[in-house]
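Subject: Structure handover, with notes

Dear colleague,

I am passing on the structure below, followed by notes on what was found in it. Please read the notes with the coordinates open beside them.

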Amino acid sequence: TVGASASIFGLLGALYHYGQKSGRHLVRAQVGQWALIMFVYGLIVPNVDNAAHAGGFIGGYLLSALFNPLKPERGDHLLIGGLCLLASMGAILYSVIRGLALITS
C-alpha cells in the first residue's frame, strides 16, 4: 500500500479514542463523520485500499488506548516511543538502501 491515507486514518482513530475517553462528544462525532465520509469515498473511487484505511483507524485507536493521552507520561511511554522511533528510522534506512540498490543495478 502506498499513500498517506492510512496514517491520516490512524490520526482519526486516535482522535476518536480521545473524544470517547475525554467525554468530548463533539470531537468523537466529528471524527466519526470524517472517517465515515472518507471510507465511503474510498469505496466509490477506484484503486483505493480501504483495508489500509481500516487498519490505520484501528491502529491509531489502539495506540491511543495504549498511550492514553489523558494520563501522565510514564517510563514505559518513553521506551515504547523510542522503539517506535527506531523502527521508523530502520524502515526509512532500508527504503533508502533498497532504492539506491535499484538505481545502481
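α1 is followed by G23, whose phi is positive, near 80°; helices here (H or I, at least four residues) and strands (E, at least two) are DSSP runs, numbered from the N terminus. Please bear in mind that this is a predicted model, in which local features need pLDDT of at least 70 and side-chain atom pairs count only at pLDDT 80 or more, while totals for chains, interfaces and linings use all residues. Residues are numbered from 1 along each chain as its sequence is written, and side-chain values use heavy atoms, with hydrogens and water left out.

Overall shape

The chain has four helices and zero strands, and its elements run α-α-α-α from the N terminus on. Its radius of gyration, taken over C-alpha atoms, is 17 Å, whereas a compact globule of 105 residues would come near 13 Å by the rule of 2.2 Å times the number of residues to the power 0.38. Along the principal axes, the C-alpha atoms fill a box of roughly 55 × 45 × 15 Å. Buried residues (under 20% relative accessible area, with exposed meaning over 50% and partly exposed in between, for a 1.4 Å probe and protein chains only) make up 17% of the 105 residues. The chain exposes about 7,600 Å², of which carbon and sulfur atoms supply 72%; the areas come from the Shrake-Rupley method with a 1.4 Å probe, and for residues only the protein chains shown count as cover. Of the contacts (heavy atoms within 4.5 Å) between residues at least 6 apart in sequence, 62% join residues at least 24 apart.

In α1 the buried residues are F9, G10, L12, G13, H17 and G19, and their cover includes α2 and α3. Leaving aside neighbours within four places in sequence, F9 is in contact with A35, M38, F39, H53, G56 and F57.

Helix α3

The 18 residues of α3 (residues 50–67) should span 26 Å at 1.5 Å a residue, and the end C-alpha atoms, 25 Å apart, agree with this; the expected span is 1.5 Å times one less than the number of residues. The buried residues of α3 are N50, A52, H53, G56, F57, G60 and S64. They cover an arc of only 160° around the axis, so they lie on the same side of α3, the arc being that of the directions from the helix axis to the C-beta atoms. These buried residues pack against α1 and α2, while the face turned away from them carries the exposed residues A51 and L62.

H53, in α3, is buried with a relative accessible area of 5%, and, neighbours within four places in sequence aside, H53 is in contact with S5, A6, F9, F39 and V48. S64, also in α3, is buried at 8%, and with the same exclusion S64 is in contact with A14, H17, Y18 and P69.
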